[in-house]
Amino acid sequence: MTPPDAPQNRWSDLDRPPLNVTALRRGLLRPESLWSELEVVETTGSTNSDLAERARSGGLAEGTVLVAEEQTAGRGRLERSWTAPPRSGLFFSVYLEPGDDVPVERWGWVPLLAGVAAATGLAKAAGVDTALKWPNDLLVTVEGGERKAAGILGEFAGDGIVVGLGINVSLRADELPAPTAGSLALAGAVSTDRETLLRAVLRSLEHWYGEWRAAGGDAAASGLQAAYAAGCATLDRTVRAELPGGNSLVGQAVAIDGDGRLVLSTEDGLQQPVSAGDIVHLRGAAGGLT
């Protein structure tokens, strides 16, 4: 047994072993695969920032995956910080180049695509029911309430787009950064093996990206729009959209349109699409506060 005053190192928490990069590469970097390069680093500020910088410098191959055991300056939407104990989650970014196959105006679907892929992969590998909160959060149920277990951030860089995911895997209740946060473990996951979960999410992402790209970025034709709507916990709820610039809009979330925007039906009968902003779930379909 390790004495309580023993120095901590990367091997101290036996419930959180380090990732085996050799095994991950063997399972994911196949000749026909989207994934071309996979690197695991012990710690970094932000995997998104690292890949974006490399993309802007040129020469970054599509399908590059960068994983960090710990992020010290992880970024969420609206420049929010994202931090968690080392090896308590999956913190990674991927670089994609839809290129000439997809008009650039459709690239905004990529972060939503990543949400569908993460929800699908985690549901299979972790055995946890997941739901999407528009635009880029993944929710799980903990003690009867919805909690955020993952966030997604996309940014244009070089000739493509960098998509980062931060997924709380084994966080315990006393480690959560906020009362609204959760983790796969707290949601009753049947597996918190990070290698299994990472492979599942990346394979799901490869599948959805391939379908979407083959359809020229048409979210309806590829099935992506329907899949996102089917898994979206925001739809059929009364929500408040906190918009850039300090304005807000309240209405019932009625649809995800062809551009990936959330459509709100307001009290004056208008259908208002929202392309960016924070969404607060005010009431569920049954009328309860959420």
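**Figure 1. The side chain of S222 reaches back to the backbone oxygen of D218, at 3.0 Å.** This close-up comes from a predicted model, as do the other views in this set. Look next at A219: its backbone oxygen lies 3.3 Å from a polar atom of the S222 side chain. So the view has two backbone oxygens to find around this serine, one belonging to D218 and one belonging to A219, with both separations falling within the 3.5 Å cut-off for a polar contact.

**Figure 2. S222 sits in the loop that links helix 4 (194–214) to helix 5 (224–230).** Is S222 buried or exposed here? The residue counts as buried, because its relative accessibility is 11% and the cut-off for buried is under 20%. Which residues does S222 touch, once those up to four places away in sequence are set aside? They are W208, E211, W212 and A215.

**Figure 3. Q71 lies in the loop between strand 2 (64–68) and strand 3 (74–75).** With a relative accessible area of 10%, Q71 is buried.

**Figure 4. Helix 1 (residues 21–28) packs with helix 4 at an angle of about 30 degrees.** The axes of the two helices are 11 Å apart. Helix 1 contributes A23, L24, G27 and L28 to the contact, while helix 4 contributes E195, L198, R199, L202 and R203. Why do helix 1 and helix 4 count as roughly parallel? Angles under 35 degrees are given that description, and the pair is therefore roughly parallel. As for handedness, helix 1 and helix 4 make a right-handed crossing.

**Figure 5. Stepping back, the protein chain holds five helices and 14 strands.** This view puts the close-ups in their setting. Of the 290 residues in the protein chain, 49% are buried; S222 and Q71 are both buried residues. How much of the accessible surface belongs to carbon and sulfur atoms? The figure is 50% of a surface that comes to about 13400 Å². Finally, take the contacts in the protein chain between residues at least 6 apart in sequence: 65% of them join residues at least 24 apart.

Terms used
Residues are numbered from 1 along each chain as its sequence is written. This is a predicted model: local features need pLDDT of at least 70, side-chain atom pairs count only at pLDDT 80 or more; totals for chains, interfaces and linings use all residues. Side-chain values use heavy atoms; hydrogens and water are left out. Helices (H or I, at least four residues) and strands (E, at least two) are DSSP runs, numbered from the N terminus. Buried means under 20% relative accessible area, exposed over 50%, partly exposed in between (1.4 Å probe, protein chains only). A polar contact is a pair of N or O atoms within 3.5 Å; within protein, one must be able to donate a hydrogen and the other to accept it, and residues adjacent in sequence count only if both atoms are side-chain atoms. Contact means heavy atoms within 4.5 Å. Accessible areas come from the Shrake-Rupley method with a 1.4 Å probe; for residues, only the protein chains shown count as cover. Axes are lines fitted to C-alpha atoms, for helices over the stretch in contact, and angles run from 0 to 180 degrees between N-to-C directions. Angles under 35 degrees count as roughly parallel, over 145 as roughly antiparallel, 65 to 115 as roughly perpendicular and the rest as oblique. A crossing is left-handed if the near helix is turned anticlockwise from the far one by less than a right angle, and right-handed if clockwise.
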